[in-house]
Amino acid sequence: IVLKPEDISFEEAAALPIGGTCALHLLKMLNIQSGNKVLIYGASGSIGTYAVQLAKHFGAKVTGVCSTKNIELVESLGADTVLDYTKQVVSQTNEKYDSIFDTVGKFPKSKAKKLLKENGRYVSTHSSPVKEKQEYLDLILELATKDIIKPVIDKTYSLLEIQDAHAYVETGHKKGNVILKITNTDL
């Protein structure tokens, strides 16, 4: 638990903990070092948008993977290169990476192995348990208040629109986070 800084909106504060701390935990598992080449599959989602920003903060050369409509977003987050999975088969690229982070569980280790350097590391949100630590939340909040990372909010729904929000998330095409905003009229 941390206090919300005054200069961060409630919506931004709500978007920080889940994707941000998950991305940080899994990037730490990869032991990202300055100069590492990192591929982030699912770079435009909740975890992916944080993973791109955090990997850049750690000094990595980041390649983000997303669809055509999200290329500009992923570039704006700091990705050095963006691959469009709708136009190319990512597993057939000639690049080799120190680390591959599958943020959406759609790029299995069997495909990733072909792109990893010798002793390269792979992690996926679907196969790696995430440990919540206070230090992760503290760091995410610190980086956000210093404008080093920013939450990406795709849409905000009222509590009365929770079914619409859930249906939108289930499409698998959201950018960053979807927020539920609870107001007095929702109660």
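What we have here is a predicted model, in which local features need pLDDT of at least 70 and side-chain atom pairs count only at pLDDT 80 or more, while totals for chains, interfaces and linings use all residues. Residues are numbered from 1 along each chain as its sequence is written, and side-chain values use heavy atoms, with hydrogens and water left out.

Let me begin with the fold. The chain comes to seven helices and seven strands, taken as DSSP runs numbered from the N terminus, with H or I over at least four residues for helices and E over at least two for strands. The radius of gyration of the chain, 17 Å, is close to the 16 Å that the globule rule gives for 187 residues, so the chain is as compact as a globular protein of that length; the radius is taken over C-alpha atoms, and the rule is 2.2 Å times the number of residues to the power 0.38. Along its principal axes, the C-alpha trace spans about 55 × 35 × 30 Å.

Now to the largest pocket, where pocket means an open set of points on a 1 Å grid over the protein atoms alone, where a 1.4 Å probe fits, with protein on both sides within 12 Å along at least five of seven lines, and lining residues have an atom within 4 Å of a point. The largest pocket is lined by 27 residues, and those nearest its centre are G45, S46, V104, G172 and K174. Among the elements that each supply at least two residues of this lining are helix 3 (46-57) and strand 7 (177-181).
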